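This report describes selected features of a single model.

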Amino acid sequence: MTKRQKKELKKIILSLVITVVSILWLKEIPTLYLSFLLCAYLIVGIDVLKKAGKNILRGKMLDENFLMSLATLGAILIGETAEALSVMLFYKVGELFQSYAVGKSRKSITSLMDIRPDYANLLKGNQELKVSPEEVKVGQIIRIKPGEKIPLDGIIVEGSSALDTKSLTGEAMPRYVFEKDEVMSGCINKEGILKVKVTKEYKESTVSKILDLVENASNKKSTSEAFITKFARYYTPTVVVFAILLAVLPPLLLKSANFSEWLYRSLSFLVVSCPCALVISIPLSFFASIGKSSRMGILLKGSNYLESLAKTEIIVCDKTGTLTEGKFKVQEVKTEKEEKDAVLRYAAMAESFSLHPIALSIMESYQKPIDSKKVTEVKEFAGKGVSAEIEDSHILVGNGKLMDLFNITYPKEKSKGTVIYVAKNKTWIGTIIIKDKIKEDAYQAISELRKNHIQKIVMLTGDQEEISQEVAEELKLDAYHASLLPQQKVEIVEKYNQELTKEGKLVFVGDGMNDAPVLALADIGISMGKTGVDAAIEASDVVIMTDEISKIVELMKLAKKTMTIVKENIIFAILIKVLVLILSACGFANMWMAVFADVGVSVLAILNAIRILWMNIQ
């Protein structure tokens with residue numbers, strides 16, 4: 001609970017204690033009894049009265065605060081202080097439920113974004129100065145050492161290396177760069193020393209733009225308005241108009257009508273009209289859904305997102321870690337003369353000294369102990385592969401460029417994915433195909449989402465065109481966009497936003513740091529809790545703790561069932577309310593009958609709301 005929520009809870013408890021003391025021991029002393037009830041009323045209701053007053057001054061008087069204030073003050077004026085207090089207590093309890101469900105505020109995303117560079121190594125003559133990236137100007141030379149973040153965009157003037165681009169593209173595969181290649185800030189230099197000529201100042205660099213996107217994207221998000229506020233917008237003016245007509249018209253039209261009697265009925269009408277069943281059952285329905293979703297391994301950061309999820313029209317997904325497992329695995333070994341196991345063994349031994357994701361995937365697939373003493377003269381060719389002497393044989397493991405470098409004839413593999421060729425003593429002996437595996441539940445999830453009337457399912461990724469196309473075709477997606485940077489993802493999502501209907505919502509699902517800006521921008525951002533980075537989890541509205549994309553289907557079904565229960569409670573409460581209001585207007589229902597009927601409806605609505613906890617979501 002937040003400090004504010006704890007404070008509200010203390011007020012409710014204090015008010016209840018004073019009320020119980022008043023009823024049990026002070027009822028025989030009218031003046032003291034009334035004073036204590038008024039004190040309890042002000043403790044719990046002063047904030048509502050203040051809000052109503054401020055809204056009247058702003059010209060926004062017809063909300064639930066105005067209705068609650070008018071009805072309860074009206075009850076006090078006609079001598080029904082106990083009823084006024086009970087109605088206000090009901091309202092504040094319901095408000096606390098909603099506050100607790102929605103009120104988990106998002107922490108600052110940028111504090112978790114570790115792509116921000118701390119310094120730049122500026123070269124001035126023979127000197128190397130550690131300066132703030134903001135101080136470096138276009139055209140100056142900076143040096144980037146292994147393990148350091150690239151602080152500014154630029155062009156390599158000396159050196160070659162492998163870059164970890166995961167923070168920008170979301171892809172685990174390193175990118176090899178050489179002289180005259182462009183490099184972007186936010187990447188991490190993994191191997192060699194680079195000298196880079198700066199082409200953009202810090203405020204124009206890639207990392208600065210990404211941080212700016214994350215900080216400001218949430219301002220563009222269309223926030224779902226509290227359901228009860230929208231309901232009150234129509235309900236409150238209707239009730240107030242009827243109350244005024246009830247007080248004024250009968251005395252004007254009927255000679256026998258007494259104005260004070262009809263004013264009493266009008267004020268009673270207002271007391272009866274307080275939507276206690278709604279202000280409690282509606283937040284409670286959402287609150288129960290949040291509890292249900294947490295049992296399902298899904299964390300909702302606010303109840304308002306359930307309403308939005310029920311209106312989802314377009315789902316946009318990241319690829320790596322969302323639709324795919326985000327891990328490289330050997331999918332196939334092709335050979336002609338050698339045994340497949342022998343090809344894999346040579347490749348694993350040659351790569352045994354490397355921490356490269358491809359090397360690790362080959363060793364994981366081999367699954368046997370490697371005697372490193374048998375591996376000598378290991379040499380790495382940046383961006384191509386490795387060579388090694390293994391058991392008196394010269395072994396080459398790498399891509400087509402490595403084979404071409406040693407003039408080795410090999411069958412070119414057309415499979416989409418990472419292709420590794422293995423040669424022994426200058427003769428090709430096999431091909432290893434490595435791919436990122438599609439999650440097992442992704443196929444079913446896409447199929448179920450279509451059955452739930454999702455109009456379009458799109459994939460956005462920083463991966464290569466060929467690999468992205470294969471994944472999109474296999475999952476039968478409506479569209480895909482490959483080789484994207486974070487700002488490009490934002491631009492594409494903004495375009496898809498324009499395809500939505502007036503009530504339609506867009507959901508984005510991702511797990512990487514590069515997804516944080518889009519997660520913050522989308523109507524509902526969903527992140528993966530297991531593999532997702534902190535920035536993505538903090539930027540999202542929903543976190544799937546199990547990383548199963550099929551959970552999105554369950555969540556949408558839960559959202560729709562929740563909204564059905566909310567509508568049931570509204571219809572039931574209003575029908576009973578209208579009946580009691582008619583009886584009250586005709587003088588057949590006194591204040592206590594009205595309050596009893598309202599409490600009864602509230603209890604039934606609450607029971608209907610909490611059944612969400614035991615519902616089977618299929």
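**Burial and cysteines**

A residue is called buried under 20% relative accessible area, exposed over 50%, and partly exposed in between (1.4 Å probe, protein chains only). C187, at 0% relative accessibility, is therefore buried, whereas C39, at 37%, is partly exposed. Zero disulfides are present, a disulfide being a pair of cysteine sulfur atoms within 2.5 Å.

**Basis of the model**

The model is predicted: local features need pLDDT of at least 70, side-chain atom pairs count only at pLDDT 80 or more, and totals for chains, interfaces and linings use all residues. Residues are numbered from 1 along each chain as its sequence is written, and side-chain values use heavy atoms, with hydrogens and water left out.

**Helix α1**

Helices (H or I, at least four residues) and strands (E, at least two) are DSSP runs, numbered from the N terminus. Helix α1 covers residues 3-25. The expected span is 1.5 Å times one less than the number of residues; for these 23 residues it is 33 Å, in agreement with the 33 Å between the end C-alpha atoms. Buried positions in α1 include Q5, E8, I12 and T19.

**An open sheet**

An open antiparallel sheet has the strand order β6-β5-β8, where pairing requires at least two DSSP bridges. Because β6 (175-177) and β8 (188-189) are edge strands with a single partner each, one side of each lacks a neighbour in the sheet. Three bridges join β5 (residues 161-164) to β6, and L163 lies opposite R175.

**Nonpolar cores**

A nonpolar core is a set of buried Ala, Val, Leu, Ile, Met, Phe, Trp, Tyr and Cys residues joined through side-chain atoms within 4.5 Å. The largest contains 62 residues, with L309, I315, I526 and I552 making the most contacts inside it. Helix α19 (residues 551-585) supplies its largest share, twelve residues. A second, separate core of 26 residues includes V330 and M349.
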